Amino acid sequence: MNKIMKLICLLFLASIVASCNKDPEYYTLETPADQMLLKTSSADLTLEKEKENETAVTFTWNAAAQRGADASIAYFFRMYMADLHSNVTSLFEIEAGERSISFTHNELNDILASWSILPGDKVTIEAEVIAQVNSSAQYLKPELSKTQLDVVGYDKNATAIYMVMVDDAGERTVRRMTEKVVGSGIYQSQAELKPCKYFFALSAESDYPCYMKGENGDNSLQYVTEEGDYEMLENAKSGTYTMVVDLNVFDVNIVSLYPLPKDGIWIVGNSCEVGWDLGVAKEKGALQSKDPRHPELWTYTGNFYYNDGSNEFKLSVELDWGGKFFFAPHAAANPVAEHELGEARYQDNGGDLKWSVASDGKYTLTVDLDQMKIYLDPVE
């Protein structure tokens, strides 16, 4: 091989090596142009508590581009913080034929709260609609459309509200109510009641804004910002009662709670896993009052045993064998069907009457200290 041929071969091999060192080229799917042009009904929004059930903002968009004869389009919507994309809502799937979505003041305020945005702070939200294209022929990238809006939220729940009672003589009594669980929007207070009219103010010094009688029944509430043609609620009861106000559903509940000597109830007996040891009962057998809407309800969930009817249980209120118990109305009463719950008493004042279950299983035992009833329901 002469020198010229050798040179040609070397140049050919060099070109092959060079081509192997190039990055591979891939086919890139381009995002289609935005034809949806997402719009917001308000680009600068201050949410208001008194309008919490009204629509705050509506997003609308045009139809996405048709991407083929067999292609179908599904629309999805989401929002996220412009400065922190990890703060994002779930995807809202839009019903077929619809090209809009709305949020109330309350719904949008709850979204801000879930992102830990403080009331009064302005945040920029980026809204996005996604047109997902489904085609049997090939994969097609979704069409996207975005818009932004600035939103300021409000403090959903006051740390305290004030029950204002006005009797027939016009005498006013004000009682402070605090949240049973911080952030729950459920307020509770024990009050000595007499017949009166009442409402709930947000301040001890001013009647407005407040919660007056609503339109959904005698115990319903509505938010009122200023004096007007509104009714107060009415109470006909006399005595010591516990008031429960739930601002999540706008209602008030008045219950009479049976007094517990040690503010607790404990199950004891071989019908349950606690057995007859009061120390174990204190550790594992306490009934719980978990529902801030219903402080009258105390519950215990666990395994119960029948053992041919020989297993039994009773309820201690003092964790003392010489103290008071809730006893059954008669021996071997089954709380699945027999719900009577008398006052707590000493054993010598009526005998050691205990409850029993009709079959083994996991149950929830519920004691109602307002209606003075006992229930046993199987856990599914």
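These numbered points go through the cores, some backbone features, the cysteines and the pockets of a predicted model.

1. The largest nonpolar core has 33 residues. Ile 267, Phe 304, Leu 315 and Phe 326 have the most contacts inside this core. In soluble globular proteins, nonpolar side chains tend to be buried together.

2. Another core, of 29 residues, lies apart from the largest one. Trp 61, Ile 94, Val 129 and Leu 149 are among the residues of this other core.

3. Look next at the backbone between Tyr 208 and Pro 209. The peptide bond from Tyr 208 to Pro 209 is cis, and its omega is near 0 degrees. Pro 209 sits in the loop that runs between strand E12 (196-201) and strand E13 (210-213).

4. Ser 116 has a phi near 65 degrees, which is a positive value in a residue other than glycine. This serine is found in the loop between helix H2 (105-114) and strand E7 (122-134). Is Ser 116 buried or exposed? Ser 116 counts as exposed because its relative accessibility is 62%, and the cut-off for exposed is over 50%.

5. Asp 308 also has a positive phi in a residue other than glycine, here near 55 degrees. The loop that holds Asp 308 lies between E19 and strand E20 (314-316). With a relative accessibility of 70%, Asp 308 counts as exposed.

6. How many disulfides does a search of the whole structure find? The search finds zero. Cys 196 is in no disulfide, and the nearest cysteine sulfur, that of Cys 210, is 15 Å away.

7. Cys 196 counts as buried, at 8% relative accessibility. Cys 210 is buried too, with a relative accessible area of 0%. The cut-off for buried is under 20%.

8. The largest pocket has a volume of about 260 Å³. Its lining has 14 residues, and those closest to the centre of the pocket are Gln 188, Leu 257, Asp 263, Pro 295 and Trp 298. Strand E11 (residues 186-193) gives the most to this lining, with three residues. By class, the lining residues of the largest pocket are seven nonpolar, five polar and two charged.

9. Of the 18 residues that line the second largest pocket, Ala 113, Pro 119, Tyr 154, Asp 155 and Lys 156 are the closest to its centre. H2 provides the largest share of this lining, three residues. The lining of the second largest pocket has eight nonpolar, six polar and four charged residues. Domain 1 (39-153) and domain 2 (160-255) each supply at least three residues to the lining of the second largest pocket.

Terms used
Residues numbered from 1 in each chain as written. Predicted model: local features only at pLDDT ≥ 70, side-chain atom pairs only at ≥ 80, totals over all residues. Heavy atoms only, no water. Core = buried A, V, L, I, M, F, W, Y, C linked by side-chain atoms within 4.5 Å. Buried < 20%, exposed > 50% of the residue type's maximum accessible area, 1.4 Å probe, protein only. Helix = DSSP H or I, 4+ residues; strand = E, 2+ residues; numbered from the N terminus. Disulfide = S-S within 2.5 Å. 1 Å grid on protein atoms, 1.4 Å probe; cavity = no way out; pocket = protein on both sides within 12 Å on 5 of 7 lines; lining within 4 Å. Points joined across faces, edges and corners; volume = space filled by probe spheres on them. Nonpolar A, V, L, I, M, F, W, Y, C, P; charged D, E, K, R; others polar. Domains from an automatic or database assignment.
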